Amino acid sequence: MKIWPAHFFAAVATSFILTGCNQSSTPGAGGTIKVGEFASLTGKDATFGISSHEGTLMAIEEINADGGVLGKKLELLTEDTQCKAGESATVVNKLISRDNVIAILGEVASSRSLEAAPICQQNKVPMISPSSTNPDVTKTGDYIFRVCFIDPFQGTVMANFASGTLKAKRVAVFTDVKSDYSKGLAKFFKERFKANGGEIVVELDYNGGDKDFKAQLTSIKAANPDGVFVPGYYTEAALICVQAKQLGLNVPLLGGDGWEASTLVEIGGDAVNGNYFSTHYHQSVGTPISKKFNENYAKRWNGKTPDTMAACGYDSALVLADAIKRAGTTDGPKLRDAIAATKTFPAVTGTITINENRDASKSAVILKVEAGKFKYLETIQP
Ligand code: PHE
């Protein structure tokens with residue numbers, strides 16, 4: 001008899017979760033409540049979707065182990081957005097019309113959440129983004145929520161850090177014009193930095209997916225800034241750090257939550273050290289709920305340390321489950337009202353109250369990249 005190693009079963013279980021359970025089209029088949037998730041499991045920003053999915057799935061498993069909600073188990077149907085424009089709309093349409101999910105969790109990236117939100121709104125299926133921070137996401141309509149802060153706050157946090165802590169007076173801004181997140185965060189950073197008395201000495205653009213940033217970095221260096229704000233995602237941010245060093249641009253580079261991935265260090269090596277970014281969570285935050293989350297996450301996912309996307313994904317599923325319980329039903333309008341009424345909910349990334357704009361007003365953390373690790377510096381209250 002052949003004995004299969006444990007990791008064989010783990011692999012089978014995971015692939016079933018990602019693909020195999022999307023077959024049924026009967027709502028609530030097998031006594032489950034179907035929840036849809038869309039996430040970038042492959043492609044350029046895959047760590048966003050993978051981490052977010054791991055956190056989300058772990059929350060669903062814990063809720064089910066605890067008896068589920070309304071006497072039923074939650075069933076998570078996950079679709080890969082592949083980091084491709086157009087794919088979020090396609091898969092969310094499928095989750096709603098083919099699978100009849102009662103709610104949608106996702107996405108991490110604002111541009112992809114913005115693509116799917118109108119579909120959820122039209123179908124009156126509540127959507128909760130774990131970590132999309134562009135303000136326009138929830139402005140789509142009253143069925144669209146998020147469990148994280150928004151970029152006017154994040155931009156302010158980093159502008160105050162640049163002028164207050166780093167004493168920067170002259171800063172350059174380098175924006176990904178393909179990303180709604182990047183454009184928004186750049187705008188909010190600039191507004192606050194100028195209001196603090198600082199000067200934006202030069203503004204340059206790139207396109208997500210670019211690999212060569214030397215022309216723009218040469219212009220940035222010529223403007224002789226005290227720092228550069230790079231509100232992009234980790235792949236480009238890491239290459240920008242490397243090429244800035246190669247050109248002798250030796251000032252701190254600053255970013256937002258989009259920098260957070262261990263891949264930042266894998267791509268950027270030494271060049272990412274000494275730089276700073278803001279985000280939603282760090283494993284050393286130290287609240288009892290976050291300690292338990294870190295332990296359980298390491299057990300569930302092969303000793304991994306959870307990152308921000310994992311924590312936000314986890315929280316999005318907890319907030320949804322809590323709302324289903326309070327609503328007493330999975331009916332769209334009632335569930336929407338219950339999510340909107342979320343107050344002081346204890347979550348891993350902080351206490352979540354959904355405000356009148358359907359956003360969560362929560363604290364941010366500032367991290368420094370040091371010796372290839374993300375070091376926690378401080379927590380900034382809203
Ligand atoms: N906030 C980013 C966006 O809106 C996504 C992100 C969240 C990236 C958390 C990393 C960590 O696009």
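Colleague: What makes you say that domain 1 and domain 2 are in contact?

Modeller: In this predicted model, 18 residues of domain 1 are in contact with 22 residues of domain 2, where contact means heavy atoms within 4.5 Å. The bounds, domain 1 (6-149 + 286-362) and domain 2 (151-279), come from an automatic or database domain assignment.

Colleague: Why is the ligand said to lie between them?

Modeller: Both domains give residues to the shell around the ligand, so the ligand lies between them. Among the 14 residues around the ligand, Ser110, Ser131, Thr133, Tyr233 and Asp257 come nearest, a residue being near if one of its heavy atoms lies within 4 Å of the molecule.

Colleague: How do you know which pairs Thr133 and Tyr233 form with the ligand?

Modeller: For Thr133, a side-chain N or O atom is 2.8 Å from a nitrogen atom of the ligand, while a polar side-chain atom of Tyr233 lies 2.5 Å from a ligand oxygen atom.

Modeller: Residues are numbered from 1 along each chain as its sequence is written, and side-chain values use heavy atoms, leaving out hydrogens and water. Local features need pLDDT of at least 70 and side-chain atom pairs count only at pLDDT 80 or more, whereas totals for chains, interfaces and linings use all residues.

Conventions. Polar contact = N/O pair within 3.5 Å; in protein donor to acceptor, adjacent residues only side chain to side chain.
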